[in-house]
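This briefing goes through one protein structure, topic by topic. Please look at the structure first and then read the points below.

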Amino acid sequence: MRTFLTILLFSFLSVSLYSQFQYKFSSSNYTGDTLIIGYYYGDKTLVKDTLFRDPKGNYNWEGTNTVSPGIYIGLLKPNNSIFQFIVNDENKFDIKFDTSQLSKIEVKGSNENKIFLDYVTFIGKQREKVEPLNNILKTLEQDPNQNAKADLTKKEIEIINNEVKNKQKEIVENYPNSLTAFLIKATNDDITFPKELEDDESEEGKLKKYLYYKNNFFAGIDFKNPMLINNNFFLNKMNNYFEKLVSPLADSIKKELDYIIPQMAGNEEALKFFLPHWISKYGNAKIIGHDAVYVHLIDNYFKKGWAPWSDPERMKSLYKYADDWRPTLIGKSFPKVATYKKEFKENGAVDSTLVNIWDVKAPYTLAIFWAADCGHCTKVMPSVVAWEEKYRSMGVKVFSICTNAYDKEHTCWQGVKDKKMQNFINTSDYYQNYRRMIAIPSTPQAFILDENKKIIIKGFDLIKIEEIFEEILKSNGQKS
């Protein structure tokens, strides 16, 4: 039994006499007034239509438009129990279901559903045979005296697994364009290595296995296939690829996206799903540097016509995020921010000259935006002060920009005292002109820059600044 994760109601035009598709559903023991037709859309389950019982006890799904290929669901009320069926280039079929065994529906006029249901039934029987053997094997492997029996059990399991592989191979070869063949290819992660790689346990061999596995992960998958979205398994495969096989570094992710997205050219439904999916995923990512992936998607796909169906008003806000993030992506040169330096004297802070952060000579510069009335700034600043004191002998500098402006600017200098920031290069700007070059949506915001003012890291936890800086030194072959 499944419940719907999301319910999205659609309105339909009245059906003409000569409809393009006619699907009839009937049951000898379901007497509900309605049969809800649902479908999978990535990781969501949505409502496609609601069918009403006719005087003959049938539920008719008809329409003048084509139905997107995919796995569909019949939802029974009031228990929300379901059965599944396939739609793929067949305009007419009849389905008869029994509420006592919904996994065994009867279909007439649909070879596609026959292939699918035969495969599902076969897999169910194989699972019934293999699960007890797996449980027996777990017990045998705990007893060293049962190695012989364990080996025999493994052979039995291997025979069953091979029967499944042979069945899958048969379907893919005989019905290559069926949704069942697509399902098999999209869910099969059991990639067989060439003999020379299978036995190579060296470090180089492991790397070659990884590359072979990664390069064959989508083997046989046509990214232009219209069945790419309306199922409950392909999104999981795509997520596994990016989360388990691709480095989390932004440049690696961008490279993989540039490999996959062009293969979807012409598959509008796939692009409608995956482009917003990736925009949301990387735009909201908690991993440092993934904003670069978001900007890459905006600049190379949304702005270049890959999403003509996008809402222009919605895109304005998405473009603004990209514009805000673009100047401060990791690896880019930090904007030439110029603010007014305040020298701390015994009698208070006094104005000095306009100073550009690019004029600060240091092997590493911490640019930090903070506010006197920012509680989190107060929490993290002791860690920043301690970091500056520890690494001062290396020549590190802290360029601090207080974001309090206009009639609140004067509060910055009491904040410098309270937070013991006197050894920093403390600056502010009454009119906040720096915001023309850099977006600071909240405080604190910190960036560690190299000697050429390129951004090494940003968006990190300032409490851990020393730990992070040590990693930076280590990666550069330096010692503190």
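Two residues are in contact when heavy atoms of theirs lie within 4.5 Å. The model is predicted, so local features need pLDDT of at least 70 and side-chain atom pairs count only at pLDDT 80 or more, while totals for chains, interfaces and linings use all residues. Residues are numbered from 1 along each chain as its sequence is written, and side-chain values use heavy atoms, with hydrogens and water left out. Helices (H or I, at least four residues) and strands (E, at least two) are DSSP runs numbered from the N terminus.

**Ile253**

- Ile253 belongs to helix H7, residues 250-260.
- With a relative accessible area of 3%, Ile253 is buried; buried means under 20%, exposed over 50% and partly exposed in between, using a 1.4 Å probe and protein chains only.
- Not counting residues up to four places away in sequence, Ile253 touches Phe242, Val246, Ser247, Pro248, Tyr282, His290 and Val293.
- From Ile253 to Lys108 is 145 residues in sequence and 46 Å in space, C-alpha to C-alpha.

**Two threonines**

- Thr153 sits in helix H2, residues 147-174, and is buried because its relative accessibility is 6%.
- The side chain of Thr153 comes to 2.9 Å from the backbone oxygen of Lys149.
- Apart from neighbours within four places in sequence, Thr153 is in contact with Leu133, Ile136, Leu137 and Leu140.
- Thr339 is part of strand E9, residues 338-345, and counts as buried because its relative accessibility is 0%.
- The side chains of Thr339 and Thr427 make a polar contact of 2.7 Å. A polar contact is a pair of N or O atoms within 3.5 Å; within protein, one must be able to donate a hydrogen and the other to accept it, and residues adjacent in sequence count only if both atoms are side-chain atoms.
- Beyond four places in sequence, the contacts of Thr339 include Thr353, Phe399, Ile401 and Tyr434.

**Sheets and strands**

- Strands of a sheet pair through backbone hydrogen bonds, either parallel or antiparallel. Here two strands pair if DSSP finds at least two bridges between them.
- Strands E1 (residues 21-27) and E7 (residues 92-97) run parallel and are joined by six bridges; Ser27 has Phe97 as its bridge partner in E7.
- Another open sheet of four strands has the order E3-E2-E5-E6 and antiparallel pairing. Its edge strands, E3 (44-52) and E6 (81-87), each pair on one side only.
- Eight bridges link strand E2 (residues 34-41) to E3 in the antiparallel sense, and Gly38 is opposite Val47 in E3.
- Strand E12 (residues 397-402) is largely enclosed by the rest of the structure, because five of its six residues are buried. Strand E11 (residues 365-370) runs parallel to E12, with six bridges between them.

**The largest pocket**

- A pocket is an open set of points on a 1 Å grid over the protein atoms alone, where a 1.4 Å probe fits, with protein on both sides within 12 Å along at least five of seven lines; lining residues have an atom within 4 Å of a point.
- The largest pocket holds about 1,100 Å³ of space, a volume being the space filled by probe spheres set on the points, which are joined across faces, edges and corners.
- Of the 39 residues lining the largest pocket, Tyr119, Ile123, Val164, Gln168 and Ile184 lie nearest its centre.
- Helices H1 (111-140), H2 and H3 (179-187) each supply at least two residues of this lining.
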